Amino acid sequence: MDAKLVNPFIDAIVAVMPMLGFPMPKRAKMGVKNMTATSLGVSVLVGFTKQIHGNVAYNMSEDTAKFIASTMMMGMPVESFDEMAQSAISEMSNMLTANAATSLAGMGYDVDISTPSLTIGENFQIRISSDSFLFVEMDIDGHIIELNIAIN
């Protein structure tokens, strides 16, 4: 996978999350995985079509998802990962992916994104690619969002 196709996703987290009231995200880990990622508790899968094919999975613990939902809802306490919190996480994924897609379009790629698909549960396998894919962990105030990126 070409690094120039991955940078828009990292840049999207760095640009969008502070606009939503979060501290500046920092890259924690980066590496390559094969075919599947293991769910950390909450995962959102978004697909790409047209000149860019593949998908990105935003993977996080339920505690991280509740922290993000609470911050997005102006600090409202999130006791359980209910429909409102799920909607906030789906919307965040949509904003991040749309920002990355806009950057890819600026690079000359014609790209469409799918509606986010949110799943809840730990330790199940998410098929990201038929081959290897890149993962990037982003640390947001001690909370990790794992980006699993498989596009070409």
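## Basis of the description

Two strands are taken to pair if DSSP finds at least two bridges between them. Helices (H or I, at least four residues) and strands (E, at least two) are DSSP runs, numbered from the N terminus.

This is a predicted model, in which local features need pLDDT of at least 70 and side-chain atom pairs count only at pLDDT 80 or more, while totals for chains, interfaces and linings use all residues. Residues are numbered from 1 along each chain as its sequence is written, and side-chain values use heavy atoms, with hydrogens and water left out.

## Strand pairing around β2

Strand β2 (54-60) pairs with β1 in the antiparallel sense over seven bridges. The two strands form a hairpin with three residues between them, and Gly-47 has Asn-55 of β2 as its bridge partner.

β2 also pairs with β5, again in the antiparallel sense, over six bridges; here Ala-57 stands opposite Asn-148 of β5. Six of the seven residues of β2 are buried (under 20% relative accessible area; exposed is over 50% and partly exposed in between, with a 1.4 Å probe and protein chains only). The strand is therefore largely enclosed by the rest of the structure.

The expected span is 1.5 Å times one less than the number of residues in the helix. Its buried residues include Leu-5, Phe-9, Ile-13 and Met-17. The buried residues of α1 pack against β1 (26-50), β2, α3 (83-106), β4 (117-140) and β5 (143-151), a contact being heavy atoms within 4.5 Å. Gly-21, which follows α1, has a positive phi near 100 degrees.

Helix α3 has 24 residues and reaches 34 Å from its first C-alpha to its last, close to the 34 Å expected. Among its buried residues are Ala-85, Ile-89, Met-92, Leu-96 and Leu-104. Just after α3, Gly-108 takes a positive phi of about 100 degrees.

Lys-66 lies in helix α2 (residues 62-72). Lys-66 is buried yet has no salt bridge, and the nearest side chain of opposite charge, Asp-63, is 4.0 Å away. A salt bridge is a side-chain nitrogen of Lys or Arg within 4 Å of a carboxyl oxygen of Asp or Glu; for charge, Lys and Arg count as positive and Asp and Glu as negative, whereas His and the chain ends are not counted.

The side chain of Lys-66 reaches the backbone oxygen of Glu-79 at 3.4 Å. Not counting residues up to four places away in sequence, Lys-66 touches Val-78, Glu-79, Ser-80 and Phe-81.

## Salt bridges and Lys-50

The whole structure contains three salt bridges. In one of them, the closest N and O atoms of Lys-33 and Glu-146 are 3.1 Å apart. This pair links strands β1 and β5 across 113 residues. Lys-33 is partly exposed at 22% relative accessibility, whereas Glu-146 is buried at 5%.

Lys-50, Asp-110 and Asp-112 are linked in a network of salt bridges. The closest N and O atoms are 3.9 Å apart for Asp-110 and Lys-50, and 3.4 Å apart for Lys-50 and Asp-112. The latter pair links strand β1 with strand β3, 62 residues apart. Lys-50 is partly exposed at 43% relative accessibility, and has a positive phi of about 80 degrees although it is not a glycine. Most residues other than glycine have a negative phi.

How values were computed. A polar contact is a pair of N or O atoms within 3.5 Å; within protein, one must be able to donate a hydrogen and the other to accept it, and residues adjacent in sequence count only if both atoms are side-chain atoms.
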